[in-house]
Amino acid sequence: MKRRNLLSTVAAAALAAAPLGAMAQTAYPTKPITVIVPFAAGGPTDALARVLTARMGEALGQTMIVENVGGAGGTIGVNKAAKATPDGYTILFAHMGTLAVNIALYKSLPYDSQKDFEPIGLGGTNPMVLVTKKGLPAKDFKEFEAYVKANQKKAQYGMAGIGAASHLGGLMLNSMMKVDVLEIPYKGTGPALNDLVSGQFDYMVDQAVNVLPQIKAGTIKALGVSTLKRLPQLPDVPTIDESGIKGYEVTIWNGFFVAKGTPKDAIDKLNKALVTALGDEKVRARLIDQAVDLPEPKDATPEALRAQLKASIDKWVPTIKAAGVQPQ
Ligand code: MLT
């Protein structure tokens, strides 16, 4: 056999013998990637996912398609992502409510957030805002508290299902105010916000990224923020803590995950794309303006998100139990 023919025969044999994982290393991604958002379109999780994945898709050279799978406080969508084929073509963008908080709120969950997923990286952390319908007879937090106390079992707060961020925000507030009010569940706080604007329930604690435009438009009222410091975007709105609910602090991190068993090469490439998106000045400016606390690109590692998930489980599961909330 001539030398050239011999070399190509050896190369073909080596290719045939290459393990699948090694071949995938050069190929992924070869088709669009589905991003499961476990809440309705138009809400905070959806908004953050769309901005980040548009830039991540550019970096990967593939479209990333957001699929909204709302319901049951995000558990339906998270479960779908946990059971997806672990090939890197279905990824999850979810927050700490769906992955940590709801461990304390459900008797059993169809997934284990620590065992069934591999983290890719943190996408951003959101402060929350207590917002009320425009017609609620309260011009500040003290009047709001008095109104809710005087109207127990009649006042209604909106939320995106058991274990949603808006559930945690409202649940902790109601528990610390020692009030019993009606919960109105939605598939996401995008649709809930529409109903708050039209006055169909009284209040909601939701992520700032979702409610800032309506607050600025004057269609709803902002009476408190969930952080211990005021937000630069709402300098006149006091913190709930400074208004008398001492120690009230709830912020919501969001992150990207894939089903356990996804090849490391796909995780690395997805992480690299996330790091690129987080380092993009236009992406940063847009999200920081909406009060999203973005990680520095170098900090958006899978290990940091794994640690964040564990820390949230360690913090919120005992806190919710101590508040006397019974799992469903
Ligand atoms: C939540 O309450 O968990 C979120 O606001 C859900 C959403 O993104 O709609």
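Author: The ligand lies between two domains, because domain 1 (33–125 + 252–322) and domain 2 (128–225) both give residues to the shell around it; the domain bounds come from an automatic or database domain assignment. Keep in mind that this is a predicted model, where local features need pLDDT of at least 70 and side-chain atom pairs count only at pLDDT 80 or more, while totals for chains, interfaces and linings use all residues. Residues are numbered from 1 along each chain as its sequence is written, and side-chain values use heavy atoms, with hydrogens and water left out.

Now, who's in the shell? Around the ligand you'll find Phe 39, Pro 44, Thr 45, His 95, Ala 160, Ala 164, Ala 165, Ser 166, Gly 188, Thr 189, Asp 206 and Gln 207 (a heavy atom within 4 Å gets a residue in). Sorted by class, that's five nonpolar, six polar and one charged, with Ala, Val, Leu, Ile, Met, Phe, Trp, Tyr, Cys and Pro as nonpolar, Asp, Glu, Lys and Arg as charged, and the others, Gly among them, as polar.

Next, the polar contacts (N or O pairs within 3.5 Å). Ser 166 has a polar side-chain atom 2.5 Å from a ligand oxygen. For His 95, a side-chain N or O atom is 2.6 Å from an oxygen of the ligand, and for Asp 206 a polar side-chain atom is 3.2 Å from a ligand oxygen. The protein covers 100% of the 270 Å² of accessible area that the ligand has on its own (Shrake-Rupley, 1.4 Å probe).

As for secondary structure, α3 (44–60), α7 (165–177) and β7 (203–207) are the elements giving two or more residues to the shell; helices (H or I, at least four residues) and strands (E, at least two) are DSSP runs, numbered from the N terminus.

Technical notes
A polar contact is a pair of N or O atoms within 3.5 Å; within protein, one must be able to donate a hydrogen and the other to accept it, and residues adjacent in sequence count only if both atoms are side-chain atoms.
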